[in-house]
Amino acid sequence: METVYRVGRSSGFLMALVLVACESNTGPSDDIVPPGTILFSSNRTGDFEIFSMKADGSDVTQVTNVPGPDLIAEASPDGSKIVVESSRVGSSKLYVMNAGGVEAVNISGANVDQHPSWSPDGRLVFSRSGRVWVADPNGTNATQGIGIPSAEYPDWSSEGATIAFAWDNAVHPGNYEIWVGSFFSQRRLTTDPAVDYAPRISPDGTKIVFHSNRSLGLSASAAEVSRTLPDRQASGGPEFDIFIMDTDDGDQGTLTVPAFHPADDLFPDWSPDGEWIVFASNRTGDSEIFVVRADGTELRNISNSPGTDTRPRWGP
């Protein structure tokens, strides 16, 4: 059985509600298979390469096959192209390829680029030298989009007005927080003294999912809930969990933890319809790809492969 946390604030304290979901080792089946294709990085063939699969774990296909680790891949909004972050030549570069498998082209040149994502109109947003940059998919017209230093892992909302990113707090290095904004103004959404990282904006723009090793912070009034859950510190924590927050309120509003487990749950992303979340987790002993409904139900391990499957991105 899996526990779903819903953490909110009341009179200055964090409150929690619990829902229960069942876990299965098969993909979403019966009548519902979530839409789209999931790209992920895996070392199942020895080197980290990019693979694709459907959200029920079927149609697993190796997308890249080049010496050197390929770490993140995301399909363009129309599904025609794939951007890949890879350190196959030593430093991290971005490569763009046609979805049909045509050879990937280095669009970074001599630059070190990381954490790519697509804009709604087919441009790329990514991290370069600790800043958020944008460029055309062939690497031209590259400009600095957000000048805040130590900004990483940007994600562009589907309506095109908002970019979410993780910011490394200069006062407390390593204390990443989630920010949102445009090229002209930004605001901070999280304030916890922990690592809040890898934000992804829901398709409707109202929520952000991210991973964090923050304490769940249950108050005394939630003691009944806390007794039903493992002690994160006793198990060697704090581990990373998947959190969902409102784009407007950030962590001052309600935080939902859709798939709590005393293991590391990392790199979440939304399904194209906003109903599901994909993430990587080592809860089975090695890192696998899981999907779960955003309300915490129907948790599934969809990769079930020896080795490390990680950094999933859900596309069309």
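## Strands S19 and S20

Strand S19 and strand S20 (residues 207-212) form an antiparallel pair held over four bridges, where strands are DSSP E runs of at least two residues and helices H or I runs of at least four, both numbered from the N terminus, and pairing requires at least two DSSP bridges. The model is predicted, with local features needing pLDDT of at least 70 and side-chain atom pairs pLDDT 80 or more, whereas totals for chains, interfaces and linings use all residues. Residues are numbered from 1 along each chain as its sequence is written, and side-chain values use heavy atoms, leaving out hydrogens and water.

Within this pair, Arg200 stands opposite Val209 of S20. The hairpin that S19 and S20 make has five residues between the strands, and there Gly205 adopts a positive phi near 80°. S19 is mostly covered, with six of its six residues buried (under 20% relative accessible area, with exposed over 50% and partly exposed in between, for a 1.4 Å probe and protein chains only). Ala198 belongs to strand S19 and has phi near 55°, a positive value in a residue other than glycine; because its relative accessibility is 0%, Ala198 counts as buried.

## The chain as a whole

The protein chain contains one helix and 27 strands, and buried residues account for 52% of its 316 residues. Of the contacts (heavy atoms within 4.5 Å) between residues at least 6 apart in sequence, 44% join residues at least 24 apart.

## The largest pocket

The largest pocket has a volume of about 450 Å³. Of the 23 residues that line this pocket, Glu74, Trp156, Ser158, Arg200 and Trp314 are the closest to its centre. Strands S7 (70-75), S11 (113-118), S15 (151-156), S19 (196-201), S23 (265-270) and S27 (309-315) are the elements that each give two or more residues to the lining. A pocket here is an open set of points on a 1 Å grid over the protein atoms alone, where a 1.4 Å probe fits and protein lies on both sides within 12 Å along at least five of seven lines, and lining residues have an atom within 4 Å of a point; the volume is the space filled by probe spheres set on the points, which are joined across faces, edges and corners.

By class, the lining divides into eleven nonpolar, eight polar and four charged residues, with Ala, Val, Leu, Ile, Met, Phe, Trp, Tyr, Cys and Pro taken as nonpolar, Asp, Glu, Lys and Arg as charged, and the others, Gly among them, as polar.

## The sheet from S11 to S14

Four strands, in the order S11-S12-S13-S14, form an open sheet with antiparallel pairing. Its edge strands, S11 and S14 (143-146), each pair on one side only. Direction ignored, neighbouring strands of this sheet are turned by 35° against each other on average.

The antiparallel pairing of S11 with strand S12 (residues 124-128) runs over four bridges, and Trp118 has Leu124 in S12 as its bridge partner. Ser150 lies in the loop between S14 and S15 and is a residue other than glycine with a positive phi, near 60°; its relative accessible area is 30%, so Ser150 is partly exposed.

S27 is largely enclosed by the rest of the structure, because six of its seven residues are buried. Strand S4 (residues 37-42) pairs with S27 in the antiparallel sense over five bridges, and Leu39 stands opposite Arg313 in S27.

Ser305 is located in the loop between strand S26 (299-301) and S27, and counts as buried because its relative accessibility is 9%. Not counting residues up to four places away in sequence, Ser305 touches Arg44, Asp286 and Glu288.

Terms used
Axes are lines fitted to C-alpha atoms, for helices over the stretch in contact, and angles run from 0 to 180 degrees between N-to-C directions.
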